[in-house]
Amino acid sequence: MSAGLAALLDDVAVLAKMAAASVDDVAAATGRASMKAVGVVVDDTAVTPRYVHGVGPQRELPIIGKIAKGSLRNKLLIILPIAMILSQWLPWLLTPILMIGGTYLCYEGAEKIWEWISGHSTAEENADEVGPDQEKAVVSSAVRTDFILSAEIMVIALNEVADEAFLARAVILIVVGILITALVYGVVAAIVKMDDIGLALAKRETTAVAAIGRGLVRAMPVVLSTLSIVGVIAMCWVGGHIVLVGADELGLPYPYDVVHHIEEWFGGLIPAIGGVIGWIANTLASAVFGVIWGGLVLLIVHALPWPEKLPWAKEKHGADEPQHSADQQEPRHADSDGSPEGR
């Protein structure tokens, strides 16, 4: 009896050790996958603040919260199941799907650049003036853009743990998705509320602290405007890089070879910091390619007679629709003396 019990306890101990080792392996793989995705996190963090640029302070955090929820839904309810199914049975489809997403990012970035050049403002940049309906459009646009960046994050993480078992891969991707979303939108929330923090510090009695607060208040409009620009450039950079790498993997190496040669040439100029210079050259070349590629897609989208029910067709026609002033909206009912009600 005691011998059987001892044997049972030994088996339990072995199973416990195996479970602990498995947890350690999953934790280590999660760490590797998260680190590989950090580069895309920078892009995601730079892209998101432009959606609340010009929005009233009381609406910044609610909008970011809605975008964060949409991002988490993207990762866990859409991207994760699709990525797991494709990686298990149709792994060759991941690259073309990512290239389509990269093309959409290039298109969005090129469209923003064209709006800057042409002087047409977007509804996103005027969300505070338009109201709740336009806020919904802002969130929807942000979640669509986030979908592409989230897909890249999840696929990068998936590639890093491709040798793990199916269940382990799923657990790792869930953890990565939650951690990355919390990191990105936590940083974004801190960035956009930094001016409020500055105002609070400026009211302190300590001279140095108050000076720091005033400096933050003065700096944040410039920081947010800069991030808005960086976000657009990041979309072109990430989208262009996805398309270049995807084309290379599908047997069309020429565009990516050109970028790679540019990276090597600049990297060789100053060997001591060649890696940094090469990375910057690769980034700029990918961004230029992204602008060109997105510009071609933009021409197609705006030139062809798309049905108006498509999202990009609505955006295209929406820019040409006249804005109704307050006087053109539904008139107020008048009292018997002809004056509007409520006066």
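Predicted model: local features only at pLDDT ≥ 70, side-chain atom pairs only at ≥ 80, totals over all residues.
Local features need pLDDT of at least 70 and side-chain atom pairs count only at pLDDT 80 or more, whereas totals for chains, interfaces and linings use all residues. Residues are numbered from 1 along each chain as its sequence is written, and side-chain values use heavy atoms, with hydrogens and water left out.

Lys75 is found in helix H2 (residues 57–89), helices being DSSP runs of H or I with at least four residues, numbered from the N terminus. Lys75 is buried and has no salt bridge; buried means under 20% relative accessible area, exposed over 50%, and partly exposed in between, with a 1.4 Å probe and protein chains only. A salt bridge requires a side-chain nitrogen of Lys or Arg within 4 Å of a carboxyl oxygen of Asp or Glu. For Lys75, the nearest side chain of opposite charge, Asp146, is 4.3 Å away.

By this rule, the count is five salt bridges. One of them pairs Lys193 with Glu60 at 3.5 Å, N to O. Lys193 lies in the loop between helix H6 (166–192) and helix H7 (194–202) and Glu60 in helix H2, so the pair ties together parts that are 133 residues apart in sequence. Lys193 is buried at 16% relative accessibility, as is Glu60 at 5%. Lys193 also forms a salt bridge with Asp196, with the closest N and O atoms 2.5 Å apart. Asp196 is partly exposed, its relative accessible area being 28%.

Definitions and conventions: Helix = DSSP H or I, 4+ residues; strand = E, 2+ residues; numbered from the N terminus. Lys, Arg positive; Asp, Glu negative; His and termini not counted.
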